Amino acid sequence: MQALSRLPADFAVRTSLEQIRQREADVQAWVRLRRWDELERDIATAMSGSMTAIPFGVKDVIDVCGLPTQCGIDDADEPAAQYDAACVSQLRSAGAIPIGKTVTAEYAFRTPGRTRNPWNTDHTPGGSSSGSAAGVAAGMVPLALSTQTGGSIIRPAAYCGVVGFKPSIGLVSRSGLKLTCESLDVIGWHAASVDYAQTMANVLLPQMAVPSLHGLHDIKVAVNLQGDGLQAESEALTVLRGVQQLLSEEGATCFDINIKKELTLLAQAHNVIMKYEFARNLAPIVDRKSKVLSAVLLKNVNEGFAVPDSLYLDMLSVQQELRKSWRALTGGADLILTASAASTAPAGQGHTGVPAFNKMWSVLGWPCLHLPVTLGTGGMPVGVQLIADWHQDFRLLALAAIVEDKMNLQGEDNVGSKQIVE
């Protein structure tokens, strides 16, 4: 990133647009791009700040002034946003340049968008932040804003082989986001490296004091092998154990934990909270646009209204109680190491994969980071998920940066540090 300061001001944006020109027909990561004259004006005023003239994408559930926010549906009547979302405004103030809107699943739910996985276009890129993850993986942008309600940042990051970061809930303003679940929705980002993820965090997150970290000595890592009702497949487990071995060799203390009971309860809480809030937040849209919405979305809204109020309140209590239980669940660890997904990206475009290793942490609101590690079967990316306690976001990023560096030094094919270029 420092090298960008020695290049023409429009270099990064032009490079981004050229990569989009070369790859977009295959990857289809973008809903729309901003006009060159608009970008040029931004570049001219982006001469100072920590992210000067760095281009980024914006998931199409987040407002960008002058562009409609269509939320994954074809709606010609949707007006252009009059203001930037707060997170977009913050990034502009730091000198970053929004290139355009990236593809999302329909209202950030289950019905896939048109985006393809850059590593193999016959495979899903994941959902719902498919365009953001694929755009970064294809080298179109080094950063893209995304959202997560269940697994919509971490899973696409895993499938597309990029860094995905979901902050602690409540730290990034959601003003300008088309909110679906107020107890779960988080704005995060996909990045070409942990360094880029840290750069965006420095702009969007409240600054917190983080002790200097010079390595992994004295770091305690709780290793979790279970997701919601399943265990990661053998390839993902092999990669997980490989990262565990690296951590141990670097001085970290790693130990397995068994929190299957709590994970089952959290998965139940996610299902109840998500359905209840999604139904009520989408009801006005269903009333106005039911003819263009999928049967899956409409069915989920109906199911959400059938969730008893008492059950919803019970699950909110579970959420609040377990959110404070880091030490009890992890044995006082600094990090949880677990899978990001059960396997590499599945073949086919009709389904975006399952959030079995993600939604529990979304309920807790703890910060999560996907770290790409290597390429698995069929040349598809495999990585791991690192999780920290609530509001330990910068510590998580700092530790992830150390792990990323150690993997690079050991010669791992760290797919996140080398975007796909064809």
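Helices (H or I, at least four residues) and strands (E, at least two) are DSSP runs, numbered from the N terminus. This is a predicted model, where local features need pLDDT of at least 70, side-chain atom pairs count only at pLDDT 80 or more, and totals for chains, interfaces and linings use all residues. Residues are numbered from 1 along each chain as its sequence is written, and side-chain values use heavy atoms, with hydrogens and water left out.

Reader: Is Gly378 buried or exposed?
Author: Buried means under 20% relative accessible area, exposed over 50%, and partly exposed in between (1.4 Å probe, protein chains only). Gly378 has 66% relative accessibility, so Gly378 counts as exposed.

Reader: How many residues of helix α4 are buried?
Author: Helix α4 runs over residues 130–137 and is mostly covered. Its buried residues include Ser130, Gly135 and Ala137. Among the elements that cover them, through contact (heavy atoms within 4.5 Å), are α1 (11–27), β3 (97–102) and β6 (186–191). The number of buried residues in α4 is eight of eight.

Reader: How do α3 and α6 lie to each other, and why?
Author: Axes are lines fitted to C-alpha atoms, for helices over the stretch in contact, and angles run from 0 to 180 degrees between N-to-C directions. The axes of α3 (residues 86–93) and α6 (residues 194–204) come within 9 Å and cross at roughly 105°. Angles under 35 degrees count as roughly parallel, over 145 as roughly antiparallel, 65 to 115 as roughly perpendicular and the rest as oblique. Therefore α3 and α6 are roughly perpendicular.

Reader: Which residues of α6 meet α3?
Author: From α3, the partners are Cys87, Gln90 and Leu91. On the α6 side they are Met200, Val203 and Leu204.

Reader: Which residues have the most contacts inside the largest nonpolar core?
Author: A nonpolar core is a set of buried Ala, Val, Leu, Ile, Met, Phe, Trp, Tyr and Cys residues joined through side-chain atoms within 4.5 Å. The largest one has 135 residues. Those with the most contacts inside it are Ile62, Leu145, Trp189 and Trp361.
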